[in-house]
Amino acid sequence: MSETSIEIESAGGSEFERIPVPGSKLKGWKSFLGMYAGEHAAGTEFMIGPLFLAAGASLKDLIFGLLIGNILAILTWRYIVAPIAVSSKLTLYYQLEKIAGKHLVKVYNVVNGVLFCFLAGAMITVSASAVGIPFDISFSVPENIFGLSTPAFSTIVVIVGLVMTVVAAAGYNTVSKFANIAAPWMIVVFAACGLSALSQMQVDSWDSLLAEWDKGVSIVQSANGKVDFGFWKIVVFSWLCNAAMHFGMADLTIMRFAKDSRAGWGPSIGMFLGHYMAWICASFMLAAQIKLTGDVSANPGALAWSAVGWTGIICVIVAGWTTANPTIYRAGLAFQSLFPANAKAYSGVILAGIIATAAGIFPSLSGKLLDFVGLYGAILGPMGGVIFVNHYLAKKMNFTQDYAEEKNTGFNVAVLLAWLIPVALGLYFIFGQGLFPAYAVIPAWIASSLLYVIIMKLQKS
């Protein structure tokens with residue numbers, strides 16, 4: 001594509017959905033540090049952290065399991081996602097269209113976008129839980145997963161969701177700038193929440209901390225039922241809770257703006273300050289709440305209010321925002337392929353925001369994050385195996401790279417089979433045999449990669 005056409009597309013407000021990102025728009029590593037810090041030291045941390053305690057994890061297992069799992073996640077981003085993103089500079093969705101065909105990729109995009117919207121919806125719920133505190137609007141979670149909370153809380157969810165959608169529709173630069181500004185402050189507040197919780201529990205030694213933690217686990221499990229969440233489950237969960245982003249290659253859409261592969265280290269600060277420090281601090285807040293009040297509910301707004309007051313309320317609002325914004329942005333790009341080619345670049349984002357807001361009205365979804373993030377990784381991750389094979393092995397193994405583009409077809413059956421067969425088996429074991437969803441991610445990714453190679457070789461393409 002000529003420089004002139006690039007300038008026209010950029011001037012039209014495009015996010016370069018169907019062309020490589022031009023050199024003038026590439027960003028240095030600092031942009032990615034802030035982006036990932038804002039996304040991963042954010043809303044999910046206020047929910048996931050307390051859920052570890054509620055699931056019966058020991059504190060020792062949590063500390064060492066998260067350490068190993070987060071290192072593995074960082075390495076996956078750096079050595080699997082970043083090199084492909086820097087090489088192609090294309091969104092996940094357009095890159096997949098070149099391999100799978102425009103008709104098949106629309107199916108995948110709908111699945112992808114809807115799952116991301118459910119995640120963003122949970123974060124809208126998190127922010128709304130804090131907005132309701134000053135107005136004495138409770139965050140009540142119905143037993144039915146698709147049950148509604150109070151009308152007043154649902155109204156807050158709608159308002160918060162609409163504001164987040166407007167920000168995400170403004171494009172990557174706005175999302176990135178917001179994350180860069182918010183991230184450092186949020187990280188400090190997370191640390192303050194953890195320290196405040198320790199003070200509330202009157203912890204003065206490692207042994208006293210372990211004792212309070214074990215008491216909290218015992219009380220919450222006596223109320224909600226016994227659950228086992230051991231060391232290796234923590235490792236796998238922390239590694240693969242973002243599997244859709246790294247193994248599934250969704251972050252090609254973000255890292256395509258990188259100048260070089262060093263941007264793959266960008267998630268480091270988000271992992272260790274968000275998925276390590278913030279998760280642990282958030283879990284301390286629930287332990288403190290149980291000690292002080294006996295309340296075992298993981299209400300993000302109430303936990304932060306109890307720990308650090310108004311600062312906590314503001315932090316929960318912003319934290320949910322900085323997770324939902326890039327998630328809605330990703331989902332919007334997935335939905336963009338459903339619109340005509342001349343549609344505005346923000347059309348998909350607006351659709352994603354509406355769906356995410358609708359999902360946020362159902363508070364029970366936010367309490368299922370330990371299972372949900374593994375489930376969407378198991379569904380979306382295997383397609384990343386197809387992209388990996390296409391990038392690294394197609395030419396070496398003598399089959400067509402970017403098959404759909406080269407053969408001018410809208411539907412690559414090899415991709416469909418390589419994706420659906422592992423996903424179907426994974427869903428069977430998850431829902432039929434009770435497998436922890438995150439455990440299905442790696443087997444499904446490997447199976448998808450192998451199947452794509454086999455099928456492409458068999459059809460001698």
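My entries on the helix pair and the cavities follow.

**Helix pair.** I'm working from a predicted model. I started with α6 (residues 102-131) and α15 (residues 347-360), whose axes come within 7 Å and cross at roughly 55 degrees. The crossing of α6 past α15 is right-handed.

From α6 I got Cys117, Phe118, Ala120, Gly121, Ile124 and Thr125, and from α15 Ala352, Ile355, Ala356, Thr357, Ala359 and Gly360. Sorted by class, this contact has eight nonpolar and four polar residues, with no charged ones.

**Cavities.** How many cavities of 30 Å³ or more does the structure hold? I found two.

The largest cavity has about 110 Å³ of space. I listed 13 lining residues, and His40, Thr44, Leu119, Asn242 and His275 are the closest to the centre of this cavity. Helices α2 (29-40), α3 (43-54), α14 (310-336) and α16 (369-392) each give two or more residues to the lining. My class tally for the largest cavity reads six nonpolar, six polar and one charged.

The second largest cavity comes to about 30 Å³. I noted its lining as Gln200, Met285, Ala288, Gln289, Leu303, Ser306 and Ala307. Here α12 (267-293) and α13 (300-308) are the elements that give two or more residues. The lining of the second largest cavity is four nonpolar and three polar, and I found no charged residues there.

Notes: Residues numbered from 1 in each chain as written. Predicted model: local features only at pLDDT ≥ 70, side-chain atom pairs only at ≥ 80, totals over all residues. Heavy atoms only, no water. Axes fitted to C-alpha atoms, helices over the stretch in contact; angles between N-to-C directions. Helix = DSSP H or I, 4+ residues; strand = E, 2+ residues; numbered from the N terminus. Left-handed = near helix turned anticlockwise from the far one by under 90°. Contact = heavy atoms within 4.5 Å. Nonpolar A, V, L, I, M, F, W, Y, C, P; charged D, E, K, R; others polar. 1 Å grid on protein atoms, 1.4 Å probe; cavity = no way out; pocket = protein on both sides within 12 Å on 5 of 7 lines; lining within 4 Å. Points joined across faces, edges and corners; volume = space filled by probe spheres on them.
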